[in-house]
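These are my notebook entries on a single protein chain. I record below what I looked up, entry by entry.

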Amino acid sequence: MSRYWSRIVHELTPYTPGEQPRVADLIKLNTNESPYGPSPKALAAISAATNDQLRLYPEPTGLALRAAIAESHGLSEGEVFVGNGSDEVLAHTCQALLKQEGPLLFPDISYSFYPTYCALYGITPHAVPLADDFTIEPADYDRPCGAIILPNPNAPTGIALPLAAIEAMVSRHADVPVVIDEAYVDFGAESAASLIARHPNLLVIQTFSKSRALAGLRVGFAMGQRPLIEALERVKDSFNSYPLDRLALAGATASWLDRDWFEEKRALIIASRARLAQALATLSFTVLPSAANFVFARHPDHSGAVLAAALRERSVLVRHFKKDRIQDFLRITIGTDAECDRLVVALTEILAGEDRR
């Protein structure tokens with residue numbers, strides 16, 4: 001605490017990111033990073049960009065990257081916005097679109113940055129409880145509001161809504177902005193980008209951190225009809241006209257265009273997810289149906305906190321949330337098969353011992 005802090009700093013509860021510890025021989029399955037390196041073409045593009053051009057500012061709108069994304073989704077360049085990770089894109093979205101007279105609706109078990117941004121930007125939050133099976137029930141959002149934001153697939157549950165349910169919700173709330181946060185969409189869900197032409201209130205946000213293995217580069221983007229994108233641009237240009245540097249723009253563009261690499265690594269992660277889910281089920285875990293690059297699982301006889309601590313002692317890091325309803329779940333990133341095997345061996349040892357509630 002400091003007497004020099006502004007009032008809002010005193011009142012904030014900051015978002016807590018996953019750990020990034022420096023531990024030798026660590027199996028790191030806590031932050032949903034890709035177990036595979038980025039596209040070699042992305043690395044080559046980044047290397048090529050480290051030349052005399054770094055003395056110049058980057059192209060402020062990310063034109064080449066926006067053009068590549070737009071072409072893939074049948075959009076115009078003016079319907080794509082790029083930013084410094086999807087978290088920055090979400091922050092600009094909160095300021096540009098979600099700060100309305102009515103409350104912002106989002107799931108009660110979801111990305112924990114949403115309530116943090118509400119506090120930071122003066123948005124009234126309203127958390128809508130998930131159903132008993134941890135699914136999002138679209139009918140529960142049929143209430144007056146100023147805006148809606150939904151992750152699809154949801155995090156940390158990994159459960160996805162079908163595209164028809166997303167479109168029905170967007171249609172029923174045509175008078176307010178509806179944001180679909182698709183950080184994990186490439187691992188088993190269907191993107192709502194195909195709905196943009198029909199719905200002027202829809203904004204879709206994605207990231208390069210997960211399926212393109214560029215979490216360290218910090219690149220995210222939004223897609224929507226031009227008026228929504230213009231709102232984001234107005235906020236961005238009042239904050240930082242150059243959110244993406246030349247290396248990020250070069251690497252992200254090359255990665256996006258390398259479709260073969262993307263498809264190959266995505267297929268590996270999806271296959272490993274099914275393999276891990278089956279192994280956990282064999283150990284009597286309940287595993288929620290995941291369309292993400294992680295699984296959300298709990299054991300009927302063991303505390304999630306105890307399991308997470310016991311795994312950490314064995315140099316296996318997973319994510320545990322101290323929240324009602326999910327305190328006994330572990331969110332486990334899909335690693336390589338070898339990393340997942342080591343996790344399963346560690347859990348087998350723990351379950352056979354005395355690491356209980």
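**Entry 1: the loop with the cis bonds.** I began with P153, which is found in the loop between strand 5 (147-151) and helix 6 (163-172). The model I am reading is a predicted one. I looked up the peptide bond that joins N152 and P153 and noted that it is cis, with omega about 0°. I then turned to P156, whose place is in the loop between strand 5 and helix 6. A cis peptide bond joins A155 and P156 as well, and there I noted an omega of about 15°.

**Entry 2: positive phi angles.** I next looked up residues other than glycine with a positive phi. R218 is not a glycine, yet its phi is positive, at about 60°. I located R218 in the loop between strand 7 (202-207) and strand 8 (220-224). Is R218 buried, partly exposed or exposed? R218 counts as partly exposed because its relative accessibility is 29%, which lies between the limits of 20% and 50%. For S315, also a residue other than glycine, I noted a positive phi near 65°. S315 is found in the loop between helix 10 (304-313) and strand 11 (316-320).

**Entry 3: cysteines.** How many disulfides does the chain have? I recorded a count of zero. C118 is in no disulfide, and the nearest cysteine sulfur, that of C94, is 6.1 Å away. For a disulfide, the two sulfur atoms would have to be within 2.5 Å. I also checked C145: its sulfur is 12 Å from the closest cysteine sulfur, in C118, and is therefore too far for a bond. I noted C118 as buried, since its relative accessible area is 3%. C145 counts as buried too, at 16% relative accessibility, because the limit for that term is under 20%.

Entry 4: I found Y117 in helix 5 (residues 113-121). Y117 is buried, with a relative accessible area of 7%. Which residues does Y117 touch, not counting residues up to four places away in sequence? I listed D87, E88, L90, A91 and C94. I also looked up the separation of Y117 and I269: they are 152 residues apart in sequence and 31 Å apart in space, C-alpha to C-alpha.

T93 is found in helix 4 (residues 85-98). I recorded T93 as buried, because its relative accessible area is 0%. Leaving aside neighbours within four places in sequence, I noted that T93 is in contact with L98, V179, L203, I205 and L232.

**Entry 5: the whole chain.** I compared the radius of gyration with the value for a compact globule: 357 residues would give near 21 Å, and the chain has 21 Å, so the two agree. Buried residues make up 52% of the 357 residues. Of the contacts between residues at least 6 apart in sequence, 73% join residues at least 24 apart. For the accessible surface I noted about 16000 Å², of which 53% belongs to carbon and sulfur atoms. I also recorded 34 positive and 42 negative side chains, with the centres of the two sets 4 Å apart.

Definitions and conventions. Residues numbered from 1 in each chain as written. Predicted model: local features only at pLDDT ≥ 70, side-chain atom pairs only at ≥ 80, totals over all residues. Heavy atoms only, no water. Rg over C-alpha atoms; globule rule 2.2 N^0.38 Å. Buried < 20%, exposed > 50% of the residue type's maximum accessible area, 1.4 Å probe, protein only. Contact = heavy atoms within 4.5 Å. Areas by Shrake-Rupley, 256 points an atom, 1.4 Å probe, with all protein chains shown as cover. Lys, Arg positive; Asp, Glu negative; His and termini not counted. Charge placed at Lys NZ, Arg CZ, Asp CG, Glu CD. Helix = DSSP H or I, 4+ residues; strand = E, 2+ residues; numbered from the N terminus.
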